[in-house]
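I opened this one to see which side chains pair up. Notes follow in the order I took them.

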Amino acid sequence: MGLDQRKYAYDTDSGGRQGFLANQSTADSQQDNNKKEHDEEEEEERGEDEDDNYADETADGYDDEDGSAAGYDSSFDRRSCNDKHRSAAREKRNACKAPLEALATQCAPRARAAHICVVVPMSLLSTEANPRAKSALLLHGGWDGDSVMADTMLLPLTHPAPLCWRPLDTAGTPPCARALHAACVLNDRLLLHGGWDGGAAALDDAVLLNFEAGTVPRWSIASSTAAATFRAETERPRARHSHTLVGVSESEALLFGGDVSGNISNELWAIDAPSGAWRMVATSGALPAPRAGHSACVVLDAHATRSTPRGGNERRYLVVCCGRTIGREELLSDVQLLNLKTMCWWVHA
């Protein structure tokens with residue numbers, strides 16, 4: 001074979017290989033597209049099968065409603081029933097997938113900040129019949145940018161039914177409008193303390209919202225029932241805002257920190273909600289830095305349970321996190337723990 005013939009044979013063979021590779025790439029791409037379409041069809045068929053199963057079960061329920069073959073109606077249009085319940089099943093499945101932000105928020109509260117929001121068992125709200133909700137969010141007060149507010153709103157936590165805010169009907173004299181206050185739930189009552197009334201001063205009152213079976217929740221002033229026990233001003237916390245209030249038993253809550261007329265506090269107080277009596281709590285260990293605008297909660301260790309009474313062998317901690325300290329511009333990033341059995345502070349981070 002001459003030089004020209006060998007060159008022609010190489011060029012032909014090279015072109016053939018390139019053409020084969022191009023064709024192979026096209027075939028692979030087509031195969032991927034076919035596999036994707038096949039997977040989509042299988043997914044759609046699975047969804048329809050689920051709908052068919054739901055429809056068949058529902059139709060069978062109609063057929064056997066009286067528990068005998070005599071109860072079957074030969075004129076019953078099974079295809080129409082399947083179509084109807086297939087559509088219902090599809091709507092139900094789509095509703096379950098709906099994001100929370102797409103759920104209805106009728107009667108939504110005004111935009112605000114510096115409010116309190118706690119979880120309340122629906123069993124305490126006997127006048128709020130909603131069998132699908134086991135708990136609800138209770139919102140009170142706050143700052144809307146122009147003024148402080150005094151409204152109390154309730155949001156039953158239902159799923160997949162739409163979330164719907166509503167004003168909470170209450171009895172008694174409600175507390176004045178406020179923001180930057182603190183609150184917690186103690187057994188069958190909401191305890192609310194302090195805050196800012198929108199003026200130049202903070203508040204020092206302790207207010208209860210009592211939940212009683214068969215009646216609407218009733219507001220009452222907690223500290224007024226124990227006025228005789230306050231022998232001096234130091235036996236109750238001074239007016240403050242931006243503090244925390246955490247329940248540690250069915251009747252007692254701990255108050256920590258806050259802004260007291262511009263002075264940042266690291267005081268720890270305990271209040272007995274039924275009597276309204278305050279006492280300053282003595283602790284050991286290194287005290288946390290004074291702070292306001294922080295967060296706090298009670299946590300259990302791995303060997304404790306919520307049903308274990310205080311004073312047992314369990315280890316429970318009051319956790320205080322972050323906040324701002326003296327000077328207002330200085331922010332904190334620490335986590336402080338108070339052992340509720342030994343009442344000793346220690347720094348976790």
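**Salt bridges and ring pairs**

I started with Arg238, which is partly exposed because its relative accessible area is 43% (buried is under 20%, exposed over 50%, partly exposed in between, with a 1.4 Å probe and protein chains only). This is a predicted model, so I kept in mind that local features need pLDDT of at least 70, side-chain atom pairs count only at pLDDT 80 or more, and totals for chains, interfaces and linings use all residues. Residues are numbered from 1 along each chain as its sequence is written, and side-chain values use heavy atoms, with hydrogens and water left out.

Which partner does Arg238 meet in a salt bridge? I found Glu267, at 3.4 Å, N to O (the rule is a side-chain nitrogen of Lys or Arg within 4 Å of a carboxyl oxygen of Asp or Glu). Arg238 sits in the loop between β8 (218-221) and β9, while Glu267 is in strand β11 (residues 263-272), 29 residues apart. Strands here are DSSP runs (E, at least two residues), numbered from the N terminus. Glu267 counts as buried, at 19% relative accessibility.

Next I checked Glu252, whose salt bridge goes to Arg279, with the closest N and O atoms 2.9 Å apart. That one links strand β10 to strand β12 (residues 277-280), across 27 residues. Glu252 is buried at 13%, whereas Arg279 is partly exposed at 42%.

Then came Arg315 and Asp301, which meet at 2.8 Å, N to O. Both lie in the loop between β13 (295-300) and β14, so the pair ties together parts 14 residues apart in sequence. Arg315 is partly exposed at 41%; Asp301 is buried at 17%. I also noted that shared partners join Arg238, Arg240 and Glu267 into one salt-bridge network. The salt-bridge count comes to ten.

I moved on to the rings. The count is four aromatic pairs (ring centres of Phe, Tyr and Trp, its six-membered ring, within 6.5 Å; planes under 30 degrees apart are stacked, over 60 edge-to-face, the rest tilted). One of them is Trp143 with Trp196, tilted, 5.4 Å centre to centre and 50° between the planes. Trp143 is in strand β2 (residues 135-143) and Trp196 in strand β6 (residues 189-196), 53 residues apart. Trp143 is partly exposed at 29%, and so is Trp196 at 22%.

Tyr317 and Trp346 are edge-to-face, 6.4 Å centre to centre with 75° between the planes. Tyr317 is buried at 12%, but Trp346 is partly exposed at 39%.

Technical notes: Helix = DSSP H or I, 4+ residues; strand = E, 2+ residues; numbered from the N terminus.
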